Amino acid sequence: MAIGESLDFRIPSDVQYIEGVVGEVVARCQALAFSRRHTALNVPVALTEALSNAILRGNGDTVGRSVSVRVEIDDVQLVAEVRDDGDGFDLDACTEDATLPENVIREDGRGLFLMQKLMDRVERFRDGGNVVRLVLMRG
Amino acid sequence: MSFSVSKMGDVTVVEVEGQLIVGNRQDLKQKVLDEVEMGAKKVLIDFARTGYIDSSGLGVLVSLAKRIRDAGGELRLANLHDELQTLFELTKLDTLFQISKTREHALESF
């Protein structure tokens, strides 16, 4: 049975707090011998996207709201849940293929695409708020 | 993130240190646009000391490429580590930018 670790954060709804949370999660992943690719690309980029989406879209960039993050890491996987106060969104309908020629030249629209590309599974559901769950298998 | 700006001949070199993400992307954008406003035509962004880039950071690079091209110049990139190279390939932005393995190669390519 794998021994798990968990990290919990609650941050103001402000993008300036994102890097600190991501840095702590990446540091734990490094300590637990995640691969270089996971700690330099998959985890930091996907988690940054989930947090910025929660702050800017879920919470509507509203001062006074907050975002909570719970990360569980074990020998098998990393599971990160990012919770905001928004109404949620249709993950599949909102994810655009960033590699289409008409999208490559766009300045926006890559966030959900990157989350899906960099994680093994991305889910969105409601549980005391709008939750985006990121799952990354270690193997 | 912090960044430094230097001149190598007629090329403006911007070195990005740390993460280029949603919380700081506008700082880089404004600094580069200031250089373009002052006449810079050839702009090279060197990522040798960069950690990770999120979708907002990628968006700023696309925006800067357009603005610089509209001003009659060109933006090129150099020194992407393996994970950044993968990020550009995943998004096909490696097809939009001219990317050099080293700063020297990029400077020679202008």
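Residues are numbered from 1 along each chain as its sequence is written, and chains are lettered from A in the order in which they are written. In this predicted model, local features need pLDDT of at least 70, side-chain atom pairs count only at pLDDT 80 or more, and totals for chains, interfaces and linings use all residues; side-chain values use heavy atoms, without hydrogens and water.

**View 1. Helix H5 of chain A is mostly covered.**
H5(A) spans residues 111-118. Helices (H or I, at least four residues) and strands (E, at least two) are DSSP runs, numbered from the N terminus. Of the 8 residues of H5(A), 6 are buried. Buried means under 20% relative accessible area, exposed over 50%, and partly exposed in between, with a 1.4 Å probe and protein chains only. The buried residues are Gly111(A), Leu112(A), Phe113(A), Leu114(A), Met115(A) and Leu118(A).

**View 2. Chain A meets chain B.**
Here 27 residues of chain A are in contact with 23 residues of chain B. Contact means heavy atoms within 4.5 Å. The area buried between the two chains is about 2,100 Å². Carbon and sulfur atoms give 64% of that area. Glu19(A), Glu107(A) and Arg110(A) supply 25% of the area that chain A buries against chain B, more than any other three residues. Buried area is the accessible area (1.4 Å probe) that two parts lose on being put together, summed over both.

**View 3. His38(A) sits in helix H2 of chain A.**
His38(A) counts as buried because its relative accessibility is 11%. Leaving aside neighbours within four places in sequence, His38(A) is in contact with Val43(A), Pro44(A), Leu136(A), Met137(A) and Arg138(A).

**View 4. Gly23(A) lies in helix H1 of chain A.**
With a relative accessible area of 37%, Gly23(A) is partly exposed. Gly23(A) and Thr39(A) are 16 residues apart in sequence. Their C-alpha atoms are 9.8 Å apart in space.

**View 5. Ala33(A) has a positive phi, although it is not a glycine.**
The phi of Ala33(A) is about 65°. Ala33(A) is placed in the loop between helix H1 (18-31) and H2 of chain A. At 61% relative accessibility, Ala33(A) counts as exposed.

**View 6. Lys92(B) also has a positive phi and is not a glycine.**
For Lys92(B), phi is about 60°. The residue lies in the loop between H3 and strand S6 (98-100) of chain B. Its relative accessibility is 40%, so Lys92(B) counts as partly exposed.

**View 7. Chain B has 4 helices and 6 strands.**
From the N terminus on, its elements run β-β-α-β-β-α-β-α-β-α. The C-alpha atoms of chain B fill a box of roughly 30 × 30 × 25 Å, taken along the principal axes. Of the 110 residues of chain B, 54% count as buried. Residues 24 or more positions apart account for 70% of the contacts in chain B with a separation of 6 or more.
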